[in-house]
Amino acid sequence: MKQAHFLRPALTGLIIQRLKRGESLNLYGPPGIGKTRLLEDIRDAGIKDTHVVLVSFRGCQDSLKSFHEAVCTTCDLEGHPPANLNAILRKAGKKHPQIFLLIDDLHYISENPGIDPAFDQTFIDGLNAVKNMGGVSLLAVSEKPLGSVTIFIKMKLMTSKLNFEPVEITPLGHRDIMAEIGRRKAMDERGGDERVLLASYLLDHPASYELLENFEFRIASDPSPQITDELLEKWDDDHKRNKRPSGTKRWSKAIRFLHRYAVVFNFLGPVLKKLEIALKGPVGLVNRFVGFIKGILSQKDG
């Protein structure tokens, strides 16, 4: 098994051993800490007699069919996908003696009114049933523990249990960060003091892995500046500023969210839809908002 590329060698090795024992696990932690990288490390480890299936739930949340197709494609299955996840895994088990099913961003299943309604209790039951399937193990990633999830079933919120053992991702240690810097050419070519400065800044940062990748891009784009604390703070601030959504985007997202919940408050539906259109996009925002208000007032007068 290849371990030299592991970002978190100890934790990754432990999770692989638990998956080999057939456990269903839930790896959780804050955004940007490197959860997806841990899944990629398992996928690329070359584990003997093990086929690793890595799918992003976020990319398939709009369609259960797309999720099934992604699993089938990664399992090298041809033809029409079987009816459900467990049937897919049983079919894949005929080709592969051991399967690790890694699902990234599974927290998107919870309290998500825009999700495909087909992700229902039957789907939850199928995930729970994986631990009883011989030769198949499951590792789901989320931002918070998934002991229970709140899902929409027939437009009603229902709470369901997921029988996964929670595993909290460990913060990156100084040795882990220095090893990762050594794997990245643009960063490794910097002087020893600069590499230590990079590692010290990233240590204890809540989004350490995401910021490390951002720093690598900065250094590769312009390797001339000397790395200092002040420069790293500037890069960090720029990164936060670029990630922060605009006021218009935040409004639009909030209105879309409320509109989806308007099935509970039917009288809000038309109002919220008009407000969503009025606030869409930064250009002409004031004119559209004024027009929206006039439209509401004219309806009231009528």
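Me: Where does Thr 159 lie?
Reply: In this predicted model, Thr 159 belongs to strand β6, which covers residues 156–161.

Me: Is Thr 159 buried or exposed?
Reply: Thr 159 counts as exposed, because its relative accessibility is 59% and the cut-off for that class is over 50%.

Me: What is Thr 159 in contact with, apart from its neighbours within four places in sequence?
Reply: Its contacts are Ser 148, Val 149 and Thr 150. For Val 149, which is 10 residues away along the chain, the C-alpha separation from Thr 159 is 5.6 Å.

Me: Let us step back to the whole chain. How many helices and strands are there?
Reply: The chain has 13 helices and 7 strands.

Me: And what percentage of the residues count as buried?
Reply: The figure is 44% of the 302 residues.

Me: What share of the contacts with a separation of 6 or more comes from residues 24 or more positions apart?
Reply: Such pairs account for 67% of those contacts.

Me: Now helix α3. Which of its residues are buried?
Reply: Helix α3 runs over residues 64–74, and its buried residues are Leu 64, Phe 67, His 68, Val 71 and Cys 72. They span an arc of only 135° around the axis, which means that they sit on the same side of α3.

Me: What covers the buried residues of α3?
Reply: The covering elements include strands β2 (51–56) and β3 (99–104), together with helices α4 (85–93) and α5 (121–129).

Me: Which residue caps the N-terminal end of α3?
Reply: Ser 63 caps that end, with a side-chain oxygen placed 3.3 Å from the backbone nitrogen of Lys 65.

Me: And what happens just after α3?
Reply: Asp 76 adopts a positive phi of about 65° there, although Asp 76 is not a glycine. This residue is part of the loop between α3 and α4. Asp 76 counts as partly exposed because its relative accessibility is 44%.

Me: What is the phi of Glu 111, and where is that residue found?
Reply: Glu 111 has a positive phi of about 50° and is likewise not a glycine. The residue is in the loop between β3 and α5. With a relative accessibility of 48%, Glu 111 counts as partly exposed.

Me: Changing topic to the second largest pocket: what is its volume, and what lines it?
Reply: The volume is about 160 Å³. The lining consists of His 107, Ser 110, Glu 143, Lys 144, Pro 145 and Leu 146. By class, that lining has 2 nonpolar, 2 polar and 2 charged residues.

Me: Where is Glu 23 found, and which side chains does its own side chain meet in polar contacts?
Reply: Glu 23 is in the loop between α1 (9–20) and β1 (24–28). Its side chain makes a polar contact of 2.7 Å with that of Arg 18, and another of 3.2 Å with the side chain of Arg 21.

Me: What does Glu 23 touch beyond four places in sequence?
Reply: Glu 23 touches Arg 18, Ser 137 and Leu 138.

Me: Next, Ile 181. Is that residue buried or exposed?
Reply: Ile 181 is buried, with a relative accessible area of 0%, and its place is in helix α6 (residues 174–183).

Me: Which residues does Ile 181 touch, leaving out those up to four places away?
Reply: Ile 181 touches Met 187, Asp 188, Arg 195, Leu 198 and Ala 199.

Me: Finally, where is Leu 172 found?
Reply: Leu 172 is in the loop between β7 (165–168) and α6. The residue counts as buried because its relative accessibility is 5%.

Me: What is Leu 172 in contact with outside its sequence neighbours within four places?
Reply: Its contacts are Leu 7, Arg 8, Ile 177, Leu 203, Ser 208 and Tyr 209.

Technical notes:
Residues numbered from 1 in each chain as written. Predicted model: local features only at pLDDT ≥ 70, side-chain atom pairs only at ≥ 80, totals over all residues. Heavy atoms only, no water. 1 Å grid on protein atoms, 1.4 Å probe; cavity = no way out; pocket = protein on both sides within 12 Å on 5 of 7 lines; lining within 4 Å. Points joined across faces, edges and corners; volume = space filled by probe spheres on them. Nonpolar A, V, L, I, M, F, W, Y, C, P; charged D, E, K, R; others polar. Buried < 20%, exposed > 50% of the residue type's maximum accessible area, 1.4 Å probe, protein only. Helix = DSSP H or I, 4+ residues; strand = E, 2+ residues; numbered from the N terminus. Arc of directions from axis to C-beta. Contact = heavy atoms within 4.5 Å. Polar contact = N/O pair within 3.5 Å; in protein donor to acceptor, adjacent residues only side chain to side chain.
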